[in-house]
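Hi,

Here is the structure I promised to pass on to you.

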Amino acid sequence: MTFSFSLVLVWLDLAGVFFFAVSGSLLAARKQFDIIGSLLLASVVSLGGGVIRDIIINAGPPAAFTNPAYLVPPLLAAVLVYFLFSSVQRFTSLLVLFDAGGLALFCITGTLKALSAGMHPVAALLLGVTTAVGGGLLRDITANVVPQLFDPKDLYALPAFAGATLTMVLSVTGTFNAATGGAVAAVVFAFRVTAWRRQWHVPLAVRGWHRLGLDTADGGAKD
């Protein structure tokens, strides 16, 4: 079935934009970017995934360029980090927490918008994942850090896959609503944060490679 991308989902999308934008501004602060760099990085991470999504489904000009409301969260995030970073910088998990929040919301809204555009459920699932991880990938590349998507000591795409899959199944079966959507977001958020805290990971690209050996080559760090 197709799902009407209602006003509630637009607000969820904007919430995801804000969470991702804060993660971008926090990374910009850690990299000692200026306020303009913070705003631009916040915009890249928060709007990048949605722009990719809207282009793929041929939805016309991306929402980020047609709805001024999408420009508010990156600006708000840059201002908040500018004034509050010195008070919160000791909390090293904040960037991951905000990133996890954006990931949880974007895998849902991306999947639902793809379904509403008439895409096949499996294609909608993949587009939901792309929407969720695309902005973070652009953020990390822009900031010249190893993208979390490709970090062998972390899980990033799998929580998005889980959330997009659950969203697709719930939508196709007609059981997606505010309660089930909130439950999916909570599952994805918890999955992402728990994986980060417990250093969960998947096997490396080649059987027989040892993660310890790779870490030693990068400077001796251990899982």
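Let's start with a pair of helices: α7 (residues 157-172) and α8 (residues 178-198) pack at an angle of about 165°, and their axes are 9 Å apart. Because of that angle, α7 counts as roughly antiparallel to α8 (the word is used for angles over 145 degrees). The axes are lines fitted to C-alpha atoms, for helices over the stretch in contact, with angles running from 0 to 180 degrees between N-to-C directions. Helices here are DSSP runs (H or I, at least four residues), numbered from the N terminus.

Who does the touching? On the α7 side, the contact is made by Leu158, Pro159, Ala162, Gly163, Leu166, Thr167 and Leu170. From α8 come Thr180, Val184, Val187, Val188, Phe191 and Arg192. Contact means heavy atoms within 4.5 Å. By type, the residues of this contact split into nine nonpolar, three polar and one charged (Ala, Val, Leu, Ile, Met, Phe, Trp, Tyr, Cys and Pro count as nonpolar, Asp, Glu, Lys and Arg as charged, and the others, Gly among them, as polar).

Before you go further, a word on where this comes from: it's a predicted model, in which local features need pLDDT of at least 70 and side-chain atom pairs count only at pLDDT 80 or more, while totals for chains, interfaces and linings use all residues. Residues are numbered from 1 along each chain as its sequence is written, and side-chain values use heavy atoms, leaving out hydrogens and water.

Now go to helix α1 (residues 7-30), where you'll find Asp13. Asp13 has a relative accessible area of 2%, so it is buried (buried means under 20%, exposed over 50%, partly exposed in between, with a 1.4 Å probe and protein chains only). Leaving aside residues up to four places away in sequence, Asp13 touches Arg53, Tyr70, Phe106 and Thr109. As for α1 itself, its 24 residues reach 35 Å from first C-alpha to last, close to the 34 Å expected at 1.5 Å a residue (the expected span is 1.5 Å times one less than the number of residues).

Most residues other than glycine have a negative phi. Gln32, in the loop between α1 and α2 (35-56), has a positive phi of about 60° although it is not a glycine. Gln32 is exposed, at 72% relative accessibility. Gln199 sits in the loop between α8 and α9 (211-217), and its phi is positive too, about 55°. At 37% relative accessibility, Gln199 is partly exposed.

Cheers

Definitions and conventions. Helices (H or I, at least four residues) and strands (E, at least two) are DSSP runs, numbered from the N terminus. Angles under 35 degrees count as roughly parallel, over 145 as roughly antiparallel, 65 to 115 as roughly perpendicular and the rest as oblique.
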